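Student: I would like to learn how to read the packing of helices, the layout of a sheet and the setting of a single residue. Could we take them in turn?

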Amino acid sequence: MFLITEKRKNGTNLCIVESYRDPVTKKTKKRRIKNLGYLEDLKEQYDDPIAHFKEIARQMTKEQQSAFSPMEIELDPSETLEPGVDLIKNYGYIVLSSIYHKLKLDSFFNNHQRNIEISGNLNNMMKLLVYGSILYPGSISQIYRNKDQFFEQMDFELDDIYIAFRYFPALKNGLLNWLEENMKSGYKLDTSIGYCVVSRHYFEDKQTHRQGKIGIKDYYKDPTVEIGVLTDRNGLPITYDLVPQGDSNDVPQVRNKIVKRAKYLGIDNLVLIGDNGVNNPDTLYTNVHKGQKYMVAQSIRSAADSVKRYALDYKGYIALSPRARYKSRIIDRTLRVKTSEGSKTVKYKEKEIILYNETYARCIKSQREDMLLKAKDLIASPDRFIPGEYTQSRKSGGLQYSPGRIFKNQGTQPFIIDDEILSEEERYDGYYLFRTSQIEQSDEELISAYTGLWEIEKSFSYIDNTYHIKPRFIKRNEHMQAHYLISYLALVLTRILQRQTGNKYPLEKILRSLRKCNCVQIDGNNYVQSYNDDILIDIGDSMNINFSKRFGTLAEIKENLGYVKKTVSAHK
């Protein structure tokens, strides 16, 4: 490390810098370690500021070099471990901290702290909730119990978090605007195309929760939330909105909010992505009539026979990856829709994309095996059910592959498994159909866009490999709003993290590596890093973070965490 002087408008500035080798360009660069102030001001404190701080820089260099020298640790074999002591802390979250601070979220929450009457630090609570939702998903209390897993100051109580939940919703609009601006400057959003994914989520409360009947798909009249997320062309989230307590189809309400926001941001080419609530004639017609685009997914099994034949014809398929292939065609789509003038028939061009994925096929086969086992259990225990309970329209769960008809006066055998239905189902394992009005766009980009936004929808669902964000027994509307705000921030961080690695790895694998990247305390001040892999190496190279150093002191770890908070490019 060495001292430099900089001529500025207001005088001569002193700064301690160090040289380092850029891991990407392999060129020698300089980075600022400590800004000291103006020479003219420092002369009031030191007789010779330049000589003084040159010596300081020399001492800092010496300390840095000693950090890489062999160290001796004395271990006492008789030392005991007290109950409840946990010597393991997570170090992988440093990459989340880097993104969090590059988005300047700490500044946002610290700026709003002064306007809120709350004892805990708002920024520290949000960091715990976001990092915890990503790495240790669970309830708020479970996340709070894991607060000691981080090298962060978490000097607040669980009740402080619940109090903060009352304030988070009021910060939503300002926070979204803040995120948009910092994502534009930090991650170069591509708004030439915007994608909107709309999905519905259920949650439970004590008043509406009911126990479903055995053998029948559980049906709760639980509150619902329609969520719409707007992303750029590369799948980076830009904003979101939601409509709580939805009726049978709130997609237009959420969509209209997203469309309005997209226009405000100057996104003219907006593509609505979804299924079920989106894939109905009236919704599709509304999009086409307003000059908007859509892309919807549909099961091959529910498609027309002509589509099924086209899917099963091996001619024309193009390899997308070693385990996936696709093909497409442009057709004339005819819809019967309802308008203000009454029902009418409309026609327009549409692209059909058939995607086959071997991994998806294996997943479907595994799910079918589970369903068949349940179906066999149901057949073996007919006395558990009331005759007449099952009809063709209500077959579900274990009866998915039975005819679903009523077999009266058949003794103790009211159900059978229909082998013809089963054989027909198996033919379409691994196939999926996409329909889109975006006929000019390439098939590969459309498939990538849909699968990327499907990951977003999955991130807002109660799935073990994502965030466990499904709210259970929420009593207050503001708690529900805060819950999804936290989940959205977690989504932003993880999508950016995936982009940092060029989308090479599934999110589940990245999070698994970050969870396993722990530091174990050897003694009072020394730690050993317990895990490293190719994913961490790639992340480290892209974000200038070193995951390969096995031993380190607590001061070094905190120094590294401090670097990524100050600047993403400055890391030791």
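Student: At what angle do the axes of helix α5 and helix α15 cross?

Tutor: Two packed helices are described by the angle between their axes and the distance between the axes. Here the axes of helix α5 (residues 122–135) and helix α15 (residues 477–500) cross at roughly 65° and come within 9 Å, where axes are lines fitted to C-alpha atoms, for helices over the stretch in contact, and angles run from 0 to 180 degrees between N-to-C directions. The α5 and α15 crossing is right-handed, a term used if the near helix is turned clockwise from the far one by less than a right angle. From α5, M126, L129, V130, Y131, S133 and I134 make the contact, and from α15, I486, L489, A490, L493 and T494, contact meaning heavy atoms within 4.5 Å.

Student: On what kind of model do these values rest?

Tutor: This is a predicted model, in which local features need pLDDT of at least 70 and side-chain atom pairs count only at pLDDT 80 or more, whereas totals for chains, interfaces and linings use all residues. Residues are numbered from 1 along each chain as its sequence is written, and side-chain values use heavy atoms, with hydrogens and water left out.

Student: In what order do the 3 strands of the open sheet lie?

Tutor: Helices (H or I, at least four residues) and strands (E, at least two) are DSSP runs, numbered from the N terminus, and two strands pair if DSSP finds at least two bridges between them. In this open sheet the order is β1-β2-β3, with antiparallel pairing. The edges are held by β1 (2–8) and β3 (28–38), each with a single partner strand, so one side of each lacks a neighbour in the sheet. From one strand to the next, the twist averages 35°. Strand β2 (residues 11–21) runs antiparallel to β3 and is joined to β3 by 9 bridges.

Student: Why does E152 count as buried?

Tutor: Buried means under 20% relative accessible area, with a 1.4 Å probe and protein chains only. E152 counts as buried because its relative accessibility is 13%. E152 lies in the loop between α6 (140–145) and α7 (158–164), and, leaving aside residues up to four places away in sequence, E152 touches Y93, K127 and K565. The side chains of E152 and K565 are also joined by a polar contact of 3.1 Å.

Student: How many residues does the protein have, and what share of them count as buried?

Tutor: The protein has 572 residues, of which 47% count as buried.

Conventions:
Buried means under 20% relative accessible area, exposed over 50%, partly exposed in between (1.4 Å probe, protein chains only). A polar contact is a pair of N or O atoms within 3.5 Å; within protein, one must be able to donate a hydrogen and the other to accept it, and residues adjacent in sequence count only if both atoms are side-chain atoms.
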